Amino acid sequence: MTAERTTHGAARRAITLLALLVGAGLAWEAIVVALSIQPHYLPRLSSVLQALAATPQAYVDGFLRTLAESLLGFAFGAIFGVFIAMVFFRNVVLKDMVFPVFIVSQTIPVIAFGALVVLWFGNTLLAKAVIAFYVTFFPVTINTLLGLKSVDPKQVQLLRSFGVGRMRLLWTLQLPAALPQIFVALRLGASLSLVGAIVGEWFGDTVGLGVLLLQAMYNENAVGLWAALLSCALLGTLFYGAVALIEKRVVFWGAGQ
């Protein structure tokens with residue numbers, strides 16, 4: 001009964017979302033026509049969809065390439081961020097020595113860091129993934145540390161009174177308690193990794209949503225620009241939604257926080 005109710009609830013949410021998207025699309029089309037907005041500023045949605053349908057393979061290839069770059073950078077950024085946060089949590093001296101370096105690194109604009117990475121690795125998928133990693137790992141590190149420090153000291157003392165060691169304490173209490181905070185950063189990282197991948201593609205590439213954006217901008221193709229923007233929005237929404245779905249399954253006690 002509970003599973004059936006959950007399925008019906010998910011179906012209702014999907015139908016509601018679809019209805020909202022259709023309504024927004026119709027409103028877009030109607031506003032452009034009613035106000036006679038020039039295509040240079042805002043083209044009709046039907047024109048944008050026609051542009052997507054005219055050359056679908058370019059957008060599919062760009063979508064998949066940017067997805068691969070974002071996903072790779074996001075995965076390594078998340079793993080590294082959680083790992084280094086646990087190390088810092090257990091070794092305060094190391095944290096005091098290294099953490100300021102992390103903070104300084106984040107003051108470097110991503111586009112400046114991207115230029116250096118492309119110089120090192122060339123215009124490769126790895127270079128774009130490294131840029132995505134750069135913008136992902138820091139918020140994950142920060143939120144994991146906050147989560148680990150938020151554990152009730154009384155719970156820690158209780159487990160220690162039963163002889164639970166430091167590592168077991170970390171894996172059985174502190175890390176699970178930090179999961180809601182970690183997923184806050186992962187949802188943010190899902191969006192940031194996409195930004196990092198697109199910025200990396202601006203330094204020169206042949207495939208990717210960032211490439212399509214640049215090409216449309218240089219050619220003053222407003223319709224193509226909006227088509228690329230909608231593709232980026234779709235990728236970002238799917239990426240964020242996937243992380244949120246995993247959060248709901250894993251952190252079922254606090255996914256709504």
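Student: Does Ser36 count as buried or exposed?
Tutor: Buried means under 20% relative accessible area, exposed over 50% and partly exposed in between (1.4 Å probe, protein chains only). Ser36 has 53% relative accessibility, so it counts as exposed. This is a predicted model, in which local features need pLDDT of at least 70, side-chain atom pairs count only at pLDDT 80 or more, and totals for chains, interfaces and linings use all residues. Residues are numbered from 1 along each chain as its sequence is written, and side-chain values use heavy atoms, without hydrogens and water.

Student: What is the phi of Ser36, and where does Ser36 lie?
Tutor: Most residues other than glycine have a negative phi. Ser36 has a positive phi, near 55°, and lies in the loop between helix 1 (2–34) and helix 2. Helices here are DSSP runs of H or I, at least four residues, numbered from the N terminus.

Student: Which value does phi of Glu220 take?
Tutor: Phi of Glu220 is near 55°, again positive in a residue other than glycine. Glu220 is in the loop between helix 9 (209–218) and helix 10, and at 65% relative accessibility it counts as exposed.

Student: At what angle do helix 8 and helix 10 pack?
Tutor: Angles run from 0 to 180 degrees between N-to-C directions, with axes fitted to C-alpha atoms over the stretch in contact. Helix 8 (residues 166–201) and helix 10 (residues 222–250) pack at about 160°, their axes 10 Å apart. That makes helix 8 roughly antiparallel to helix 10 (over 145 degrees).

Student: How far apart are Leu49 and Val223?
Tutor: Leu49 and Val223 are 174 residues apart in sequence, and 9.0 Å apart in space from C-alpha to C-alpha. Leu49 is in helix 2 (residues 45–54) and is partly exposed, at 45% relative accessible area.

How values were computed: Helices (H or I, at least four residues) and strands (E, at least two) are DSSP runs, numbered from the N terminus. Angles under 35 degrees count as roughly parallel, over 145 as roughly antiparallel, 65 to 115 as roughly perpendicular and the rest as oblique.
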